[in-house]
Protein chains: 4
Amino acid sequence: MATPMPFNPTTEGADLQRRYREIRRQSCGLAAQLSDADATVQSMPDASPAKWHLAHTSWFFETMVLLPHESGYTQFEPRYGFLFNSYYESVGARHARPKRGLLTRPALEEIARYREYVDESLLRLIDRPVSPQLRALIELGCHHEQQHQELLLTDILHLFSENPLRPAYAVTPRRPRAVAPDSSCGYTQYEEATVEIGHDGEDFAFDCESPRHRVIRPACRLANRCVTNREWLEFMADGGYEQPLLWLSDGWTQVQNQAWKSPLYWWEEQGAYFTMTLHGAQALELDAPVTHVSYFEADAFATWRKQRLPTEYEWEAAAQREPCTGNFADSGLLRPLPAAGSGSGPQQLFGDVWEWTRSSFSPYPGFRPSAGAVGEYNGKFMSGQYVLRGGSCVTPAEHIRATYRNFFRPDARWQFSGVRLAEDA
Amino acid sequence: MATPMPFNPTTEGADLQRRYREIRRQSCGLAAQLSDADATVQSMPDASPAKWHLAHTSWFFETMVLLPHESGYTQFEPRYGFLFNSYYESVGARHARPKRGLLTRPALEEIARYREYVDESLLRLIDRPVSPQLRALIELGCHHEQQHQELLLTDILHLFSENPLRPAYAVTPRRPRAVAPDSSCGYTQYEEATVEIGHDGEDFAFDCESPRHRVIRPACRLANRCVTNREWLEFMADGGYEQPLLWLSDGWTQVQNQAWKSPLYWWEEQGAYFTMTLHGAQALELDAPVTHVSYFEADAFATWRKQRLPTEYEWEAAAQREPCTGNFADSGLLRPLPAAGSGSGPQQLFGDVWEWTRSSFSPYPGFRPSAGAVGEYNGKFMSGQYVLRGGSCVTPAEHIRATYRNFFRPDARWQFSGVRLAEDA
Amino acid sequence: MATPMPFNPTTEGADLQRRYREIRRQSCGLAAQLSDADATVQSMPDASPAKWHLAHTSWFFETMVLLPHESGYTQFEPRYGFLFNSYYESVGARHARPKRGLLTRPALEEIARYREYVDESLLRLIDRPVSPQLRALIELGCHHEQQHQELLLTDILHLFSENPLRPAYAVTPRRPRAVAPDSSCGYTQYEEATVEIGHDGEDFAFDCESPRHRVIRPACRLANRCVTNREWLEFMADGGYEQPLLWLSDGWTQVQNQAWKSPLYWWEEQGAYFTMTLHGAQALELDAPVTHVSYFEADAFATWRKQRLPTEYEWEAAAQREPCTGNFADSGLLRPLPAAGSGSGPQQLFGDVWEWTRSSFSPYPGFRPSAGAVGEYNGKFMSGQYVLRGGSCVTPAEHIRATYRNFFRPDARWQFSGVRLAEDA
Amino acid sequence: MATPMPFNPTTEGADLQRRYREIRRQSCGLAAQLSDADATVQSMPDASPAKWHLAHTSWFFETMVLLPHESGYTQFEPRYGFLFNSYYESVGARHARPKRGLLTRPALEEIARYREYVDESLLRLIDRPVSPQLRALIELGCHHEQQHQELLLTDILHLFSENPLRPAYAVTPRRPRAVAPDSSCGYTQYEEATVEIGHDGEDFAFDCESPRHRVIRPACRLANRCVTNREWLEFMADGGYEQPLLWLSDGWTQVQNQAWKSPLYWWEEQGAYFTMTLHGAQALELDAPVTHVSYFEADAFATWRKQRLPTEYEWEAAAQREPCTGNFADSGLLRPLPAAGSGSGPQQLFGDVWEWTRSSFSPYPGFRPSAGAVGEYNGKFMSGQYVLRGGSCVTPAEHIRATYRNFFRPDARWQFSGVRLAEDA
């Protein structure tokens, strides 16, 4: 039986080179404003140091592409195979995740040299004709790197939020778009229908987005925009964090154990709310989407509103009809901020906040993981996680699509995660 | 708006009295072989003392039925409201779950008196004409008590397994039926179809089994019997507990942290395997279904066999066609043990072991929790749990049905939980 | 070299038999008011079930005396060797301490039979002439049993304190003597002197009380009575539990982590303080010695008073001059409660509360542990513990003496532990 | 009542300036070989980042000297008061200790500027005539800084030991002196005597070294040198880490929980032992003193040898007769390494390894903490710690003396801690 290809490699020759170069350059750009120390520290086990993200993405290309496919390839430093493997059991032992922040050496500069070495080797490799399988692996590596670009920003925000000096990462805004002040939230109605969900096999997608399959989408209404900070303050004012009946049982345990009283990164000073952002401490923007909330909080908010979160099917079926444009963190530039809001049809679907769905991250009917080590990419995480859709203001624009399934544990709050409401129709 | 009734109360008048009496009597019967100490100790936070089960089920009738519906009802002991509330936030404060085993008082005898007091009060109440709503609540209480009958046995087995003397709970066999020795496992094929899933509203069911709705069941094959202990030994011999690539990521963490090497309750002595049962230590019965395995183990076993677990839809659609008869723990009597196995069509569906499905416990489309305190029964547990189907050898026979959704965390092993394999067709 | 005897066996023949019988009988008496469940549950890892105390003390005689010294002795139940070994590494494996409460079997009745069996065997053995070494071992076993008599009461109080019903263990008072209301506390002055400390070798003593040796006792003053509950309330009212500067660093960590706000077992209701005792809930007796305080609390209280705790040398030198009479829990009878207080010379030295000293539990110069398994009795605990002196209202009267060194961790609160103040002179 | 001075300030005028400058310069020198990242990361809660040590010692001068004694002094950065307070409750809130490693800002360079600012301010202050009290505080600050110089090196070694690349901190040797190969260990005999212990009040000493007082030193013998790595290998080969009877009870718990099998930083490769040092990975030097052992290990080793650890009294009485010269880490230069060993009289007393004593860290008779915030320096740590004597190869030479009492918890291993044996005579 032929080994199934993880996806269709559609990027060819010079295009692949250009794309590879561009993505690799963007990653370095993200670290340009970080000191060696900023890039080294790990602020919690769930987060990784910026330096580690830069090294691990290079390790991915070295391990998955160069070592098996470039004869005579010499590793930059053989011990990096141990240091920068994330979780691939099939390629050997690895450094313990909670200890990633202890690696003050190699220095950020040395990692930059590692990146150059891998880039030169890889570009040399793809200067020659390469098989579709290999092109597919490289494109996978590019998307993998884009995931880590987002994680690098997410993790830096967490690190800086732990510093009482509240340093700013960047001047350029990277934040979700606000809607018009106090605009009410419209809903779009969908009738019951059999819809097709999942990747259709023409462009790149991760294995977990396949196979495309039919599901019965019940009649429902989806909010045209995300829940705002203003609405979240109402939830808080109404005792949202104090009423156990609003919460899933595990969620209420978290509220009590972690003393949650507001979204992550919020604090109150003299009656006003502030929040920690990539631009440092900021007054809370009332009409921007709430962000840095867990699934448990999203679900409790929806219960408080006597509504619910959408399923990933409902979300994807709605998003299929909309253009995938948004507010992405692309090349360091941000699109202008049009007023999103109560217009006709769902808005803010892409590029503002990751939207929690009520769907557990589980295999689609007929799912088969990719062959080889990259088969560990998604499938083994299919327990204990919920799907988020749409991408956030720190997601690279070219990295998102309607079928994209992000996933995190229901108590995770450090992602740029928000809420879109749904209800039965 | 009228309060929706949690289900249709179909048991009327004298029948309800008979049923109530019978179920309450069975619970006492289960504790008849326990000492005061046996009935008091809590062997882990997930388990509860037998005495607590006997008291809590009485508290349920007192709190949900007698206090709101019997004017002038005097509580047996007002402080029991605090001691024996399990998790109902809406009815007040409660004793901490991990401390249930510290209540050496009230003694088992005192709990027996409490039960008699509640029984007399409740039978007096339903001696008068009662509303359908009230009958529904009482029937809910009966099913609630049947759940705790099973938990009582499950928890006693765990307690006794922790005792190096390995005491036996009972002589009467309560164990899953074995198949014919070494019989191969046949499969039943199902074509893709739109099927109806969920409770149809005529008999009793919990709120989470509704509403009935259509889903697209993909083409698949389901094993005609459960995985046996003999097959599990092959998995172990092949290094099943040592190969990370077979496991979900969270599962592998458990294998390492808990040093799992076999199902719960197994041990090896001089080359032979033994297991702790309600009848004390027993040589492992090779052709009986494997039991006391977690979801993580069930999933790893299926991966090792290049198969998968069924979804709850696949299971229910298959079970709709089969008679709900089995090997239940009913009235202390067990059905004879016919050889189950490779016959035509799925067997061992009901009453041997709870079968893990790959479906997370989540709300059906249009799900609405019951009104009132009993609305906390199921909905708030809809995160972090997987659905199990079919009932086990310690489930009361009248308590099971094809639409029944049991649920536990993926690392839970102390239930009578086993595995039926499935595969894409 | 001859094996050193652990102490001088001074109790001979019929006296030894009488003493053995009496002590063994007293232990059973302590359990007479307990149910099987009361005697089985372990309320925290530091505590042991009453049943375990009764079995372990029998195991001690069986293992240390009968097995090595009675040829042909048959164990009552060989598996008890594993179940009831406390911490003797030299006599084999043992059941994990935190799991002692899971042993619902053997039942309390069965342990009673075990005790009878051991008693008959041992009395038969000492009916014959026995060596001094053997008599010494039996006397050690008697004192060991007396220690466990006190622990049984201490642990039962803890268990009952965890029960919201607050059951009473006994009607007979077992509590520290109060002083005359509001009496001021006098001090006794001691001049600097070289004093002799430690056991002089004529009567029974544990190995850690030897050898007797000279120390330089500085000039000091010791309080004539213990700190009272009334004084402790003043400490609380003055913010004693809120001022970090009063506390040892580790103590302050405990205050914060455990949310200490008063001695263990106290609570406030409508402005009055109550405390849990062996007689159930009681209004706080203001002129009784404070009890159930940790070393950290004792030390903080002394700092608040600009005083200090005595060293064990100061305490012992003072107690050598006083008669060893007190308020002991002897044979279930309590001495009358004379008013203790500000009279001349230290009072309440013996039999009210164990008095924390500022001395770490460490070896006396020239200390050598007893030979054999009983050498594990004390020496291996000589780290992380503080010495307490004097015995409490639940200490058997014949078990105490001026040289006795009890020891507990500085955060332990469940013992009958109190405070006597000292200061430099 | 006059405030007692913490010690006699004997360093005057220009001498004080010279000394201050020199010590401050040495601290910077220690960090010269560290990157910003090296200086930022905290490898465990017990350790602190190098940057933190540099900042905290400056904070000490700013808070204890400049703010109270220099009118009009402006803080370099007011928020540093929160960030760099270690444990002084009396001077306000502080950053949580386990989070010290999250402060990637301020950068190492910024801390260097902070140091310069404090230095200029302080030197300006002491350019004017200053009171003895103030001189005393400054001298205390100098000794405080020397303590942190040692901790900086100790903590860097721990950090680098956690890095699989095993980086070297320095080329210059900083290691304990070896003795002549295989030399046997002589003992010096001491007769029972009343000796004077503690600081005599003429030079600088910490408050816990006072008051000088008499103790009865029993007849004993002290080893003339420290236990060597060669001897430790014999202990290991004889199953030292596998025999519970050699260990204190708490020590054996650590051996099992932490899987101790050798001193910290050792590992085996193909039959030979290596150890992590400030110079990177090194083959184990067999005749050098064992180092990085806990009190528990030191005590077990002594028990294995049927000997014991010395008391701090025995050690100090012996050291009073010896010159305080050794192998100190002074100004980056190390003394030559003469062969230490079995000569007459104790050797290696100062400057090789800190020597565990069997004495708990407790107050001397008549001890009074210094007045003011510096009173928190020692007294509040007087529980749960053991005294170490003599100073190590990373202790500044001018910082040590015979009365010096260092203290750590009995499970601490990351200090340069070793063992000198003693026995009763």
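Reply: What follows is a walk through charged side chains, starting from one aspartate and ending at a contact between two chains.

Please keep in mind that this is a predicted model. Let us begin with B:D299, which lies in helix α8, residues 295-304 of chain B. This residue is buried and yet has no salt bridge, for the nearest side chain of opposite charge, B:R358, is 5.6 Å away. If we leave aside the neighbours within four places in sequence, B:D299 is in contact with B:L248 and B:L309.

Elsewhere, pairing does occur, and a search of the whole structure finds 120 salt bridges over all chains. Side chains of opposite charge can pair when their charged atoms come close. In chain B, the side chains of B:E70 and B:R128 meet in a salt bridge, at 2.8 Å from N to O. That pair links distant parts of the chain, with B:E70 in the loop between α2 and α3 and B:R128 in the loop between α4 and α5, 58 residues apart. B:E70 is buried, with a relative accessible area of 12%, whereas B:R128 counts as partly exposed at 40%.

A second pair in chain B is that of B:E376 and B:K380, whose side chains meet in a salt bridge at 2.7 Å, N to O. Here B:E376 is buried at a relative accessible area of 5%, and B:K380 is buried at 12%.

In chain C, the side chains of C:R401 and C:E209 form a salt bridge at 2.7 Å, N to O. This pair also links distant parts of its chain, since C:R401 sits in the loop between β9 and β10 and C:E209 in the loop between β2 and β3, 192 residues apart. Both C:R401 and C:E209 are buried.

Salt bridges can also be followed in chain A, where A:R24, A:R115, A:D119 and A:E145 are linked in a network.

Finally, we turn to the contact between chain A and chain D, which takes 27 residues from each of them. The two chains bury about 2,300 Å² between them, 59% of it on carbon and sulfur atoms. The count between chain A and chain D is 4 salt bridges, and one pair in a salt bridge is A:K99 with D:E162, with the closest N and O atoms 2.8 Å apart. By class, the side of chain A that touches chain D has 12 nonpolar, 9 polar and 6 charged residues.

How values were computed
Residues numbered from 1 in each chain as written. Chains lettered and ligands numbered in written order. Predicted model: local features only at pLDDT ≥ 70, side-chain atom pairs only at ≥ 80, totals over all residues. Heavy atoms only, no water. Helix = DSSP H or I, 4+ residues; strand = E, 2+ residues; numbered from the N terminus. Buried < 20%, exposed > 50% of the residue type's maximum accessible area, 1.4 Å probe, protein only. Lys, Arg positive; Asp, Glu negative; His and termini not counted. Contact = heavy atoms within 4.5 Å. Buried area = accessible area lost by both parts, 1.4 Å probe. Nonpolar A, V, L, I, M, F, W, Y, C, P; charged D, E, K, R; others polar.
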